[in-house]
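The tour below goes from one selection to the next.

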Amino acid sequence: MTARAGEEFALHRAVSDVQHLLAGFLPPEGPVDVVHDPGTGEWAGARGGGFAVAPVWESRSLVGVYAPEWNEVEEAAEGHLAELVGELERRWGARRVVGMRVPLFRRVARQPMPPFFEALCDNDLLGDLAVWGPVPGGPDGDDRWVAVSLNQSDGDAPFVLAVAVADHPVAELEDD
């Protein structure tokens with residue numbers, strides 16, 4: 001569960017969340033700091049060396065939910081992702097897709113990977129990334145890279161729409 005549990009999806013709020021993360025401070029280095037909502041204790045994001053990641057929406061729990069109701073939740077989640085991607089494409093142009101297959105395999109094999117991908121994997125954000133960048137952002141208008149993804153850690157878990165912002169290019173990891 002995330003700090004976004006129970007909230008309805010609103011495109012304007014999701015875009016505002018992206019803009020907030022884009023404009024915010026990114027620690028230049030150091031360990032990843034996981035952030036939890038002070039009221040609920042649920043995951044609210046993570047920050048590390050040159051990046052930040054946060055949930056922008058979470059579906060309801062899918063424990064005990066089966067087709068066709070489960071399919072409806074999945075379709076709604078994919079629709080929210082498409083809405084957000086569409087709005088960001090309108091602002092910044094076409095996205096690139098960065099696959100999460102290699103980070104997933106590295107996670108399973110306990111192999112090292114860049115902290116950005118490690119943080120995504122640690123928070124079960126394993127969906128392929130829609131990436132834009134460089135785009136102007138940061139406190140001083142510095143170039144940033146923005147990524148969004150739709151994720152589900154297992155079939156009973158809620159879908160999570162997340163955004164990540166980095167001060168370095170977000171590129172697909174190569175197979176070793």
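Predicted model: local features only at pLDDT ≥ 70, side-chain atom pairs only at ≥ 80, totals over all residues.

**Cis peptide bonds**

Select Ala67 and Pro68. The peptide bond that runs from Ala67 to Pro68 is cis, and its omega is near 5 degrees. Pro68 sits in the loop that links strand 3 (51-58) to helix 2 (69-92).

Next, select Gly133 and Pro134. These two residues are joined by a cis peptide bond, with omega about 5 degrees. Pro134 belongs to strand 5, residues 129-136.

**Positive phi angles**

Go to Arg110, in the loop between helix 3 (101-108) and helix 4 (115-122). Arg110 is not a glycine, yet its phi is positive, about 55 degrees. Is Arg110 buried or exposed? Its relative accessibility is 75%, so Arg110 counts as exposed.

Move on to Asp124, which is in the loop between helix 4 and strand 5. Asp124 has a positive phi of about 55 degrees and is not a glycine either. Asp124 counts as partly exposed because its relative accessibility is 31%.

**Salt bridges**

Side chains that carry opposite charges can pair when their charged atoms come close. How many salt bridges does a search of the whole structure find? The search finds nine; three of them are visited here, starting with Glu69 and Arg60.

Show the side chains of Glu69 and Arg60. They form a salt bridge in which the closest N and O atoms are 2.3 Å apart. Glu69 is partly exposed at 39% relative accessibility, and Arg60 is partly exposed with a relative accessible area of 41%.

Now select Arg4 and Glu7. Their side chains meet in a salt bridge, 3.1 Å from N to O. Arg4 has a relative accessible area of 15%, under the 20% cut-off, so Arg4 is buried. Glu7 has 28% relative accessibility and counts as partly exposed.

For the last pair, select Glu87 and Arg91 in helix 2. They are four residues apart, about one turn of the helix. Their side chains meet in a salt bridge of 2.9 Å, N to O. Arg91 is partly exposed, with a relative accessible area of 39%, whereas Glu87 counts as buried at 14% relative accessibility.

To finish, select Arg4, Glu7, Arg13 and Asp17 together: salt bridges with shared partners join these residues into one network.

Note on methods
Residues numbered from 1 in each chain as written. Heavy atoms only, no water. Helix = DSSP H or I, 4+ residues; strand = E, 2+ residues; numbered from the N terminus. Buried < 20%, exposed > 50% of the residue type's maximum accessible area, 1.4 Å probe, protein only. Salt bridge = Lys/Arg side-chain N within 4 Å of Asp/Glu carboxyl O.
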